[in-house]
Amino acid sequence: MARTVKIFDTTLRDGEQSPGCSMNLNEKIEVARQLDAMGVDVIEAGFAIASPGDAAAIAAIADTVKNAVVCSLARCTEKDIDAAWNAIQYATKKRIHVFLATSPVHMEYKLKMSEEEVVESVRHHVAYARHYCEDIEFSAEDATRSDLDFLCRVFETAIEAGATTLNIPDTVGYVLPEEYAERVRYVCEHVKGVENVTLSCHCHDDLGMAVANTLAGVRAGIGQIECTINGIGERAGNASMEECVMAIRTRRSYFGADTNIHTNQIYRASRMIQTITGVPVAPTKAIVGANAFAHESGIHQHGVLANKETYEIMTPESVGIPQNAIVLGKHSGRHAFEDRLRALGYSLDQSKIDKAFEKFKLLADKKKTIKDRDLEAIVGAVPVSGAERYTLVNFVINSGNAITSTAVIRLKHGDDICERVAASDGPINAAYRALNKIVGKDFVLEDYSLNAITEGEDAQGEAIVKISLDGGEWVTGRGVSTDVIEASIKAYVNGINKFFNE
Ligand code: KIV
Ligand code: ZN
């Protein structure tokens, strides 16, 4: 029988701490809900000591998540471990994840600690964490550049002090698959008590090896994979969850293993992370890229039509990619709408269904046919936490290649309607200047992207903006409309609302 490899998702910690991927509280909770719904075993919700915001988000996730273990990272200090415990203590299932570097370069230059000091710190802090909680993970940071015998000694110490999971991170993405597997086997053979704990892998993608190293670890006997949705993470990122999970599912008998992941939730999770962070995946990205299941060449199309297995090793349905079929129209009722959402894997509460249905009706007035991807765009947005301070009432844009563009924008703010006019060399810029005037702030547009969600003349456009104020953190906004200027304005307003609510 296939053994089960646990999935430890660190999108909200290693993923979120990478530049351009930050999320607000509401977004983190939505991501955690999705991870829980898709069957993730452990959710690393953050690094509690990093900031009060991080600690609050972990506590809120601990309160929300029903099935998965909720985990916080902590360095080897009592203060870090106290903060981690305070944040996770009310979770149904909880874990403290303690780490300390074990490689010569990290010990000498970063920690300024001797081997003996490292061993003693691990003994003390793992035991300290264990007095709070039974589920303790210890990570030997930069394990792949550590002396193997020293690594084993540290792991033995961690087991003696009460660790239940031992992680072998390839922190700098340095090793190759065979080397990683060898290291796992060495640990399995030389660490006393290793058979009573779970071994974990955590691989970074600096040489493009994160998924390959992870899978080599699974072949060598690893029991837990640490990964992120879309592979977001420090520098080149972490091992991508969708790639690890689908490799194991598709080649189950090769690995003699499987995971608990409901793979039909993968696409939804990927889209959620793309829209929240504003970091798109490449069209050729395995599993979730726009081209991952597109067969353009005639030979391939012919083969797939004759028998899908000629060129398809897994189906788009198996990862939850909405099909391009026309599913609903102007006359579709609420029942059909709810049915279709359920079929796509959404289980929304009544107020979210009501809002989504309103948007659907508005869209159906503009578009003859509604496809699954349109529905996904309607319900895929994470709502702004708290009240939406500003909403778009209407706008008029005057633009052309021989005139200066002007924008008149009207927003609702409480009971007031505010209107401003601005001019610039392009319509979007003019609109954004008018919005800045209304809200009385000089937001700067740091990044802007516009993509068609579906094909055809009446396709919906999705605009994603990143805005900042006074050089502070970037906030991501998203807007969807059949009119690209409206989508762009909505994205900016969405960003402004998020800014004010944080
Ligand atoms: O990459 C790394 O070493 C880490 C540890 C904290 C597990 O993220
Ligand atoms: Zn990492």
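# Notebook: zinc site, barrel, pocket and strands

I began with His 202, which counts as buried because its relative accessibility is 5%. Buried means under 20% relative accessible area, exposed means over 50%, and partly exposed lies in between (1.4 Å probe, protein chains only). I noted that this is a predicted model, where local features need pLDDT of at least 70, side-chain atom pairs count only at pLDDT 80 or more, and totals for chains, interfaces and linings use all residues. Residues are numbered from 1 along each chain as its sequence is written, chains are lettered from A and ligands numbered from 1 in the order in which they are written, and side-chain values use heavy atoms, with hydrogens and water left out.

**Zinc site**

I looked up His 204 next. It counts as buried, because its relative accessibility is 4%. Which residues coordinate the zinc ion (ligand 2)? I found Asp 14 (OD), His 202 (NE2) and His 204 (NE2), at 2.0 to 2.1 Å. Donors are N, O and S atoms within 2.8 Å of the metal (3.2 Å for Na, K and Ca); water is not among the atoms, so sites may look incomplete. I wrote down the sequence spacing of the donor residues as D-x187-H-x1-H.

**Barrel**

I traced a closed barrel of 8 strands, E2-E3-E4-E5-E6-E7-E8-E9, with parallel pairing. From one strand to the next, the twist averages 25°. Helix H4 (residues 78–88) packs on the sheet and touches strand E4 (69–75) and strand E5 (94–101). The direction of H4 makes about 165° with that of E4. Helix H6 (residues 115–130) also packs on the sheet, touching E5 and strand E6 (136–141), and its direction makes about 170° with that of E5.

I needed some terms here. Helices (H or I, at least four residues) and strands (E, at least two) are DSSP runs, numbered from the N terminus. Two strands pair if DSSP finds at least two bridges between them. Contact means heavy atoms within 4.5 Å. Axes are lines fitted to C-alpha atoms, for helices over the stretch in contact, and angles run from 0 to 180 degrees between N-to-C directions.

I then checked one strand pair. Strand E2 (residues 6–9) and strand E3 (residues 42–46) run parallel and are joined by 2 bridges. Asp 9 stands opposite Ile 43 in E3.

I went back to H4 for its buried residues. They include Asp 80, Ile 81, Ala 83 and Trp 85. The cover over the buried residues of H4 includes helix H3 (52–64), E4, E5 and H6.

**Positive phi**

Asp 142 sits in the loop between E6 and helix H7 (148–161). Asp 142 is buried, because its relative accessible area is 0%. Ile 287 has a positive phi too, near 70°. At 7% relative accessibility, Ile 287 counts as buried.

**Pocket and cavity**

How much space lies in the second largest pocket? I read about 1100 Å³. Of the 39 residues that line this pocket, the closest to its centre are Tyr 267, Gly 289, Ala 290, Asn 291 and Arg 373. Helix H12 gives the most to the lining, with 4 residues.

I also searched the whole structure for cavities of 30 Å³ or more and found 1. The largest cavity holds about 60 Å³ of space. Its lining includes Asn 264, Tyr 267, Arg 268 and Glu 376.

On a 1 Å grid over the protein atoms alone, a cavity is a set of points where a 1.4 Å probe fits but cannot get out, and a pocket is an open set with protein on both sides within 12 Å along at least five of seven lines; lining residues have an atom within 4 Å of a point. Grid points are joined across faces, edges and corners, and a volume is the space filled by probe spheres set on the points.

**Strand E17**

Why is E17 largely enclosed by the rest of the structure? It is so because 8 of the 8 residues of E17 are buried. On one side I listed Gly 461, Ala 463, Val 465 and Ile 467; on the other, Glu 462, Ile 464, Lys 466 and Ser 468. In a regular strand the side chains alternate between the two faces of the sheet.

E16 and E17 run antiparallel, joined by 8 bridges. E17 and E18 pair in the antiparallel sense over 7 bridges. In E18, Gly 477 is the bridge partner of Val 465.
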